[in-house]
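Good morning, colleagues. Please keep the display in view as I speak.

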Amino acid sequence: MEENSSNGVEEQEAINKQPTYLPLLNPSVLPSGEHTVWADVSSLLDSARNDLQDGELIHGENFNLFAAMSALEIMDPKMDSGIVCRYYSVDEAIEDGAAPVPVSLNKTVDVHCIIDLMDHLLSCEATWHKGHSLAQTIFSCIYLLRPERTSSHALLHSYCTVVRSTCNAIISAVSDSRTHEEEDLFTITSGLPLKKDGDEKCLSMLNVIEETVSRQLNACKSPSHKKRAIEDIEPLQTNLDLEEGYCKAVLCRLRFRKHFYHVLVCVRRPQGRGLDLARKHIASCLVELQSILKTEEFLRSNSRYGMREDGTEDSMTASGCQPIGFDSTLNSRLSAPTPPRAIKILSWKKAVEYFQKLLHDLEAICSHPLDPSFEGALRFVVEFQKLQPDLVARSHLQLLLVQDGKLYGRDPVFDVICKAAAVPEITKTLCIQKNESFVHLCQLVITLLKILCTNAAWQRRQLGKVLQDWRIIHMQLELALRKVFEESSSTSIDENLCMKIYKNILNWVEEQTYWIAFRFLILGFELELYSPSEYCMVYWYIYVVLIKLGEKMHIRMITSSETGKRKGKKKKESVKDVARDPSIPPAVLLLQCHIYLAEGLTLMIAALRNEHGSFQCRGPFNTEQERFIQHFELLQRASIPDHISYYSFRDYTAHAQFDSLVMCNYFKEAQRIAKELRSSFSNDANKLAELRHIEQVAEHNGIALNLVSRLGSLDPSLKVSFEFNHHPHFATAVVKRS
């Protein structure tokens, strides 16, 4: 809180010692000015903390739950405003000598300081990519805030220009993909000088400097270099013994910048035309990053020109010196939306590791064969997300997948859907694609691809919300297609063909709906949303969803093949009953392995609950039914699957016993099918890895099941826990004596 005060120095000195401050809650009542001070509210916060119990929130007449969610989190650099500030303006910092041009009167020190600046800018850029504001990371560099001041220094000016252009390219990609909603601060420029006249020539400027430094490096390597004065090329610094090392250090940093900018430009070319060229630049970037790491020893051995930092692991530069020309709090008063508290910048080594990871992720995107099938696109996105890519990589993936409302900017979404649903080409003549429901379906497909490119938390939340849209579109399509085919029945179009189109499209929509539901459920494991006492209901829900998904997938596959026409009578069989049929597609059998694992885990945990009283949902806050609703409310609203409720789960698990579970060992069946499928996926490394994980989970759970069923009632000291050491979604039982 702020209070008026006329007691100058004494009160101010006392207040400066206080640890916690809060701004005025209502600025209109008492505006801040020179005669206001900050009052300590630590005791008030301590008192509130001691009085509040777990799960309680402060509730007042003008402070409700919504206000609590919008309140500031004290000491969080993204939310807490803080009061630390060294300079009040850029001009004040420049006048104080914080960013001199040249950086030093000593040329050797000058080039060393510029290399430190390059390294620290790399750390700032990686920190910005991690979600902090542009103003407190890259634009904490005073040289970037006043670009005109560096025009007389070619090396510094060209480097700052290409950094600024790189920031523009990344902001454009993240904004166009709208993934910046995950990190609100990422694209806020706060009126900073992000674009200047001449920035489009950044590469030509950089090439000139690179050529000059390259010539100097070649001159350094000549035998007569130390015996003659260099007349045609001005050296980077005055000590000729160190010239080669400094030339190499500068050159690899300039080349990395050049190739990285090329990567960002090439990846954005329409229809994936620049992916091959982008891969070449990515390879060059990775080589230059290795060269940058190799310069650390040279720079550290010659870092006597600067103030060394305490630690080597957390240093912001390769030399270990503190960089010149930076102030992390400078923009706190220049840009209101930017939180002014100083943030933790990534170390130089962690920044290099980040860019290596980013480049490998972009390389994976560039290596994608641009499979025009919808199933191929889904599979690639899911596999790509296993790499845990950051925001920048995911943004470029989304921009590649969806361009101008088309898949990869080439294939109309309507054609992609027809191919995925095994619909005949004649569908296009029925003008179905002009139907409002079909237009809506195409939009849902695009939305789904975009959602899958977001981070896990955002993705799960959006998938849960979009489920109802897919259920609604199924009903709308059912009505719309019925009307279209009734109108076409009077024409020469075969009625059986119309019925086939009708069924295939609706079946495909249902299949995607259950796939979304399955993705929604397994993301809960990645986000650690489920407690061990809730595993039983979660695996049961996965089981019932996978049963429906398997049925829809099987129908689609057998109707799209010639052999499927002769076996149409099996369409309505449960997917569990076809596991032994040799004609079942391998993809369906792989899904059957997942079904067996989910069912086996459900009944195993249920038996532990029924016979040993473990893994019960107990607690002072929520009953088991309330937890069921909390986890599956979005699925229940969309009726996925139909007629499924908490009572269905209770009825299914109420009589689970180890004796009956051992007799029909689901884990053993999953292991058997997984082994038989190896030959079917011999050319698919991802599927082979999944099969190995399934075998490991099934084998260990089968052993644990037999052990508990034999000794559980005789040895009460046996304790069962579950770990995810073999598969990210299917747990492995661990049996130990307490």
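Let me begin with strands β6 and β7. In this predicted model, β6 is joined by six bridges to β7, residues 732–737, and the two strands run antiparallel. Within that pairing, Val720 has Val735 of β7 as its bridge partner.

The largest nonpolar core has 217 residues, and Phe722 is among the six that touch the most other members, together with Ile138, Trp470, Trp508, Tyr541 and Ile542. What does Trp470 touch, once residues up to four places away in sequence are set aside? Its contacts are Leu441, Leu444, Val445, Leu448, Trp508, Val509, Gln512, Thr513 and Ile516. For the protein as a whole, 52% of the 738 residues count as buried. Of the contacts between residues at least 6 apart in sequence, 75% join residues at least 24 apart.

I turn now to the helices. Helix α19, residues 535–559, packs against α21, residues 586–612, at an angle of about 160°, and their axes lie 8 Å apart. The two helices are therefore roughly antiparallel to each other. In passing α21, α19 makes a left-handed crossing.

A second pair is α5, residues 107–129, with α12. Their axes are also 8 Å apart, but the angle is about 60°. That angle makes α5 oblique to α12. From α5, the contact involves Asp119, Leu122, Ser123, Glu125, Ala126 and His129; from α12, Trp348, Ala351, Val352, Tyr354, Phe355 and Leu358. This crossing, too, is left-handed.

Is Pro372 buried, exposed or partly exposed? Its relative accessibility is 31%, so Pro372 counts as partly exposed. Leaving aside neighbours within four places in sequence, Pro372 is in contact with Leu407, Tyr408, Asp411, Val416 and Lys419. As for Asp411, 39 residues separate it from Pro372 in sequence, yet the two C-alpha atoms are 6.9 Å apart.

Strand β4, residues 406–407, is joined to β5 by two bridges. In one of the pairings, Lys406 has Pro412 of β5 as its bridge partner.

Finally, consider α14, residues 391–401. How many of its residues are buried? The count is 11 of 11, and the helix is described as mostly covered. The buried residues include Arg394, Ser395, His396 and Gln398, as well as Leu391, Val392 and Ala393.

That concludes the tour, and I welcome your questions.

Terms used
Residues are numbered from 1 along each chain as its sequence is written. This is a predicted model: local features need pLDDT of at least 70, side-chain atom pairs count only at pLDDT 80 or more; totals for chains, interfaces and linings use all residues. Side-chain values use heavy atoms; hydrogens and water are left out. A nonpolar core is a set of buried Ala, Val, Leu, Ile, Met, Phe, Trp, Tyr and Cys residues joined through side-chain atoms within 4.5 Å. Buried means under 20% relative accessible area, exposed over 50%, partly exposed in between (1.4 Å probe, protein chains only). Contact means heavy atoms within 4.5 Å. Two strands pair if DSSP finds at least two bridges between them. Helices (H or I, at least four residues) and strands (E, at least two) are DSSP runs, numbered from the N terminus. Axes are lines fitted to C-alpha atoms, for helices over the stretch in contact, and angles run from 0 to 180 degrees between N-to-C directions. Angles under 35 degrees count as roughly parallel, over 145 as roughly antiparallel, 65 to 115 as roughly perpendicular and the rest as oblique. A crossing is left-handed if the near helix is turned anticlockwise from the far one by less than a right angle, and right-handed if clockwise.
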